[in-house]
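Trainee: Before we start, I would like to go through the terms used for this model and see what each one rests on.
Mentor: Then ask about them in turn.

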Amino acid sequence: MDRIKYAVFTDKSIRLLGKNQYTSNVESGSTRTEIKHWVELFFGVKVIAMNSHRLPGKSRRMGPIMGHTMHYRRMIITLQPGYSIPPLRKKRT
């Protein structure tokens, strides 16, 4: 479970749960095939499709120095009908 950071719970991701699609943030260096293999192995489900996009890091200022946070990748995983994933842990803010 090193590759998947946490599940994403936004209005869109909750709407996608009705279509058997699950959204989560993963490490930026992860590939689609790695994540698909890991999800099928760990949760015992069948993955039909995966969509991903890379989200940019946000700008942060620390005094006079301007920096940014790391970018990350968001995956939308579509499962075959009849399969489901238990909710993953939410990110604490």
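**Terms and what they rest on**

Trainee: What makes E1 and E2 a pair?
Mentor: Strands pair if DSSP finds at least two bridges between them. E1 and strand E2 (residues 21–26) have three bridges, in the antiparallel sense, so they meet the definition. Ile-4 stands opposite Val-26 in E2. The model is predicted, with local features needing pLDDT of at least 70, side-chain atom pairs counting only at pLDDT 80 or more, and totals for chains, interfaces and linings using all residues. Residues are numbered from 1 along each chain as its sequence is written, and side-chain values use heavy atoms, leaving out hydrogens and water.

Trainee: Why are E1 and E3 called edge strands?
Mentor: The open sheet has four strands in the order E1-E2-E6-E3, with antiparallel pairing. Strand E1 (4–7) and strand E3 (47–55) each pair on one side only.

Trainee: What makes up the count of elements in the protein?
Mentor: Two helices and six strands, both being DSSP runs numbered from the N terminus: helices are H or I of at least four residues, strands E of at least two. Their order from the N terminus is β-α-β-α-β-β-β-β.

Trainee: Which strands does helix H2 lie across?
Mentor: Helix H2 (residues 32–43) lies across E1, E2, E3 and strand E6 (72–79). Its angle to E3 is about 130°, taken between N-to-C directions of lines fitted to C-alpha atoms, for helices over the stretch in contact (heavy atoms within 4.5 Å), on a range from 0 to 180 degrees.
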